[in-house]
Amino acid sequence: MTHYHVRWMIRRDMTEILQIEAQSFANPWDEEEFVKILRQRNCIGMVAEHDSRVVGFVIYELHKFHIEFLNLAVAADMRGRGVGRALIGRLIGKLSLQGNRRTMLRCRISEYNDAAIRWLSRRGLRAKGIDRQFLTDDGTSCDAIRMEYRLDDREADRVIESIVSADGKAIHVRREEREE
Ligand SMILES: CC(C)(COP(=O)(O)OP(=O)(O)OC[C@H]1O[C@@H](n2cnc3c(N)ncnc32)[C@H](O)[C@@H]1OP(=O)(O)O)[C@@H](O)C(=O)NCCC(=O)NCCS
């Protein structure tokens, strides 16, 4: 399987990112929109590279208990080759039951983007609800599907039990914290 180098986005990547964005959405973000969003303190951009070329990107927000991605796209001629999987895999890899305690990955996706909804389902994200009047990429409003990936609960219990000493009370406290 091809390995894609995933790294932080830098200003120089913007031309390639805008091209990918234009290939991916009917009403793509412009440079101003990217810059505005990336200026927010909790917002981060990453790109996937192949042969020194930017072939995909993701923009996401870090929240206290979850990560939410706002935009994810792959160059049209590179789709179906694992680039998107590498990007979303990197986000899932940032989730943790220990340390930062961000245990959930979320996104909202237009109800009309069937291909992406199917693709996200295969990546382990589950539809959790509907947000009404979500603004689509073509400027009209529609409903959005809220999709989430949560670290497996049984895995959570196993990890929590292994990191907390064999003190039943302590384990109980940790479980309550996780459910906040
Ligand atoms: C959705 C998108 C990001 C996926 O990225 P990608 O690099 O093409 O996907 P990958 O090659 O990593 O995915 C591999 C998997 O998806 C499947 N796949 C490949 N091309 C696909 C396609 N066009 N539609 C749906 N699934 C596809 C593969 O069979 C493979 O499945 P498996 O892991 O179960 O074997 C990309 O198609 C894209 O940029 N779409 C337009 C923008 C968009 O809709 N963004 C919203 C994303 S949430």
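Visitor: What makes up the shell around the ligand, and which elements each supply at least two residues of it?
Guide: Strand 4 (66-74), helix 3 (83-94) and helix 4 (114-122) each do so, where helices (H or I, at least four residues) and strands (E, at least two) are DSSP runs numbered from the N terminus. The largest share, six residues, comes from helix 4. This is a predicted model, in which local features need pLDDT of at least 70 and side-chain atom pairs count only at pLDDT 80 or more, while totals for chains, interfaces and linings use all residues. Residues are numbered from 1 along each chain as its sequence is written.

Visitor: Why is V74 called buried?
Guide: A residue is buried if 20 or more other C-beta atoms, placed from the backbone, lie within 10 Å of its own, exposed if 12 or fewer, and partly exposed in between. V74, which is found in strand 4, has 24 C-beta neighbours inside 10 Å and therefore counts as buried.

Visitor: What is V74 in contact with, leaving aside its neighbours within four places in sequence?
Guide: Two residues are in contact if their C-beta atoms, placed from the backbone, lie within 7 Å. On that basis, and with those sequence neighbours left aside, V74 is in contact with I20, V55, G56, R79, V83 and G84. As for E21, 53 residues away along the chain, its C-alpha atom and that of V74 are separated by 8.2 Å.

Visitor: Which residues is F57 in contact with, under that same exclusion of neighbours within four places in sequence?
Guide: F57 is in contact with M9, I17, I20, G45, M46, V47 and A73.
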